[in-house]
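This report describes the computed geometry of one protein chain.

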Amino acid sequence: MSTAYHPETVESGAQEYWARSRCFEVGEDTEKEKFYCLTMFPYPSGKLHMGHVRVFTISDVIARYQRMQGKHVLQPMGWDAFGMPAENAAIKRGVPPAKWTYENIADMRGQFKRLGYAYDWSREVTTCRPEYYRWEQWLFTRMFKKGLVYRKNSVVNWDPVDQTVLANEQVIDGRGWRSDALVERREIPQWFMRITAYADELLDELDRMPGWPDSVKTMQRNWIGRSQGVELTFDVAGDNEPLTVFTTRPDTLLGVTYMAVAAEHPLAEKAAAGNPDVAAFIEDCKKTDAAEATMETMEKKGMPLGISAIHPITGDEVPLWVANFVLMSYGTGAVMAVPGHDERDWEFAKKHGVPIKQVIAPADGSDIDIEEAVFTEKGVLVNSGEYDGLNYDDACEAIADFFEKSGRGRRAINYRLRDWGVSRQRYWGTPIPIIYCDDCDAVPVPEDQLPVILPEDVEVSGKGSPLRDMPEFVNVSCPQCGKDARRETDTFDTFVESSWYFARYACPDNDQVMLDERAAYWTPVDQYTGGIEHAILHLLYSRFFQRVMRDEGLTDISEPFTNLLTQGMVLKDGAKMSKNKGNTVDPQELIEKFGADTVRLFMMFAAPPEQALEWSDDGVQGSFRFLKRFWNAVQSHTDGGPAGDIDVAVLNAAQKDLRRKTHQTIAKISDDIGRRYTFNTAVAASMELLNSINRFEDDSDAGRSVKHEALEAVVLLLSPIVPHISHALWAELGHKTALIDVPWPSVDEAALAEDLIEVVVQVNGKLRGRISVAVDADKDTLAAVAMADENVQRFIDGKEIRKTIVVPGRLVNIVV
RNA sequence: GCCGGGAUGGCGGAACUGGUAGACGCGCUGGAUUCAAAAUCCAGUUUCCGAAAGGAAGUGGGGGUUCGAUUCCCCCUCCCGGCACCA
């Protein structure tokens, strides 16, 4: 008796079964091969968006597929619960961030369950809970003792009206988003983690990470930006402090015609004291936000300081400039400028009338005019005194030797990577476990006083952190000397929480240690899936933290994520879906209308995971239609009663064709899901198979048995993507064992065998015919049959055949 | 600006290792069913020429390598992501 497809009934039935059998709650089974499948955990914004649905479905498909391969699969879920949106909501609606966050988590957990993800909810981690963040506070104090954290001044965006520090995204066209005031760069003391201490290891290990996309590895390599060069010092006329610069082009040293320092550089500040124009210029430089993209794209401005450096080789005076494009936080905050052989220096020199000197000539001896165009290639030294005639390598060596012998410089390795600033002047984050004492300076909070608990019952105004106004939080006694002291009110960057949560899923309930032996069982993550937007920061910080935890003796693992899948954005109208742009699509409405399986299916079908997915409301309907066809096909088949076993000896041609299609599809989808992660083509292949099934009209016993096998294959092959309908249809096909415990189907090689295949015939590379030949036809036979084709004859008739290319099983190309 | 990625019918995409461009789906067109509509089913659907057979062009633009290029190389355009305080 056929029933119509009702997704709510089917899906709640499957979900109740999974919950009742607790099939996704896993312990540590050393007998089985483990598979740790993880998705970047979400920020609990309150509502699931399409980007979430996409990434969580991708991961769930992989987890369910691996389970069917017999692996012991862990797939946990948790909440990246600290962050700015909670504070913004608090400012807007007066709800404390904690309350807002916990309510959002409850809502989103419900949505996740409705989507049928195979999560072990017993391991849920919430980063704003003290039982979680106490361990990163603890690790920070350990890092403090090792010198892996330190405090220094660094630049923030200062809103002079709201008297508060702004995030880069809160600065719009150089103005504060709420006050509209011009934002200023301001230096304040902040805590840093010494990620640069691991720069070489983080860089070198990338060469041994075959499971990561090349694009991400390249981005990380470029981000770390290791470069070999020379660090050299210039004396400054009338100043005792020499100026140190780093260059990767010491061969161009004789071409230095000016030098530039950052606005925050001590020399600039010194010059400003006696020169109001310079002072005004520096003030002007500070009226910009602190983002690097802004620095790089803004107009390059500079002003001479009226101070000269002494060229270390020629002894000439070289004018010093202050420039808005030199970053204090990068390198030494000073650069030597070689306008003849550096693009940016050339443009700056042209604009400001600084002389341009050619010191490199093209290696092939050709002439260039350095006033007309910059020459940045490596070549032969000219106008460089005793170094004239040397090539790049020899010149670098000679000049580096000169500096090292004279003690004025050294060969050095420079990194673009900077230490990680983790201080945030915000309330809703992990309190940095430091106490400031007038006598003992900054003292880490002792282990027995952890965690430093963030008070949750607060009012947020948007003007500075409420923690500063809480004497019961701030006033403490110094752990070292006992005198009155003040607690740090800054909190951690939320990237700190997301840098180790993947390990904590293994042992979220341990209140004695950060990680235990269960982490040793589950880590590293076998498959990590998340947005490409995290290619650098989150993934690099996590790799860094994993090493810090390793060196603390918490784990033996160095790399946290063995295989990485970076999924593209979900776009609408060509832009990232976001509340700001008002171009969101609510998954909840679609789930209510069509069910979770339709939404999951459409997400997997619309594009391959790595590509950006342009959302379109059309097409969801098509996925729903397909599931209805799928449902009806199984129902009408089972209406005919049970089907017998297949007897391969009695199958006719059409029955063999369907069997071949079934097993070809099993092979293709196994490859698509297991190796290629191209779920879109897996869905397409299963649609093709169902189309073949629906065209196959054969009610004989043999026909029904072949059809039964084909339908079972579709159910199993689609089950990672649409697990609910598959659960129901598997039972409908007469099985007592629940689908979740059934292994992935295997290919019957014998069913794939074919007698005749089609081969394409080209003449001069253009398609002119198709021939049907035996599978094992040799090259000569193929060529002969191809020549005999009627249409091919028209194109080769009367012409000389110069060459015949035969690709067995594929094509014949006749060149005339 | 720098780093990474992308561009294929009306739309989303397929073509995996240089070998049939457009699988699969959406949309659209025509037909069946219906009192009618929805739903469903069948057929067609890159463009141009042609009644058809067939032919020509065609994978963002320009050039190159090759018997053969969506695929490899060079140059360019536009779009997306990241740029260290959005997560």
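**Pocket and cavities**

Strand 15 supplies the largest share of the lining of the second largest pocket, with 3 residues. Strands (E, at least two residues) and helices (H or I, at least four residues) are DSSP runs numbered from the N terminus. The model is predicted, so local features need pLDDT of at least 70 and side-chain atom pairs count only at pLDDT 80 or more, whereas totals for chains, interfaces and linings use all residues. Residues are numbered from 1 along each chain as its sequence is written, chains are lettered from A and ligands numbered from 1 in the order in which they are written, and side-chain values use heavy atoms, with hydrogens and water left out.

The volume of the second largest pocket is about 840 Å³. Its lining comprises 27 residues, of which F246, Y330, V335, D342 and R344 are the closest to the centre. Two or more lining residues come from each of strand 11 (239-247), helix 10 (292-297), strand 15 (334-337) and helix 11 (343-352).

Both kinds of void are found on a 1 Å grid over the protein atoms alone: a cavity is a set of points where a 1.4 Å probe fits but cannot get out, and a pocket is an open set with protein on both sides within 12 Å along at least five of seven lines; lining residues have an atom within 4 Å of a point. Grid points are joined across faces, edges and corners, and a volume is the space filled by probe spheres set on the points.

There are 3 cavities of 30 Å³ or more in the structure. The largest cavity holds about 200 Å³ of space. Among its 19 lining residues, E87, I91, T164, R426 and G462 are the closest to the centre. Helix 3 (84-93) and strand 6 (164-166) are the elements that give two or more residues to this lining, and the largest share, 4 residues, belongs to helix 3.

**Chain A as a whole**

Chain A contains 26 helices and 34 strands, and its C-alpha atoms fill a box of roughly 100 × 85 × 50 Å along the principal axes.

Among contacts (heavy atoms within 4.5 Å) in chain A with a separation of 6 or more, 71% join residues 24 or more positions apart. The mean positions of the 90 positive and 125 negative charges are 2 Å apart. Lys and Arg count as positive and Asp and Glu as negative, without His and the chain ends; each charge is placed at NZ of Lys, CZ of Arg, CG of Asp or CD of Glu.

**Selected residues**

| Residue | Element | Contacts |
|---|---|---|
| C37 | strand 1 (residues 34-39) | S59, I62, A63, L74, Q75, P76 and Q527 |
| T141 | helix 5 (residues 130-146) | P433, P444 and V445 |
| R770 | strand 32 (residues 766-774) | E758, V759 and D789 |

C37 is buried, because its relative accessible area is 0%. The C-alpha atoms of C37 and Q527 lie 4.9 Å apart, although the two residues are 490 apart in sequence. T141 also counts as buried, at 3%. For R770 and G421, 349 residues apart along the chain, the C-alpha separation is 65 Å.

Helix 18 (residues 596-606) is mostly covered, with 9 of its 11 residues buried. Those buried residues are A596, D597, T598, V599, R600, L601, F602, M603 and M604.

**Backbone features**

Most residues other than glycine have a negative phi, and most peptide bonds are trans. A cis peptide bond, with omega about 0°, joins L450 and P451; P451 lies in the loop between strand 22 (441-444) and helix 13 (471-474). Another cis bond, also with omega about 0°, joins T523 and P524, and P524 is in the loop between helix 15 (517-522) and strand 26 (525-531).

Q163, which is not a glycine, has a positive phi of about 55°. Q163 is located in the loop between strand 5 (149-159) and strand 6 and counts as partly exposed because its relative accessibility is 49%. D441, in strand 22, is a residue other than glycine with a positive phi near 65°.

How values were computed
Buried means under 20% relative accessible area, exposed over 50%, partly exposed in between (1.4 Å probe, protein chains only).
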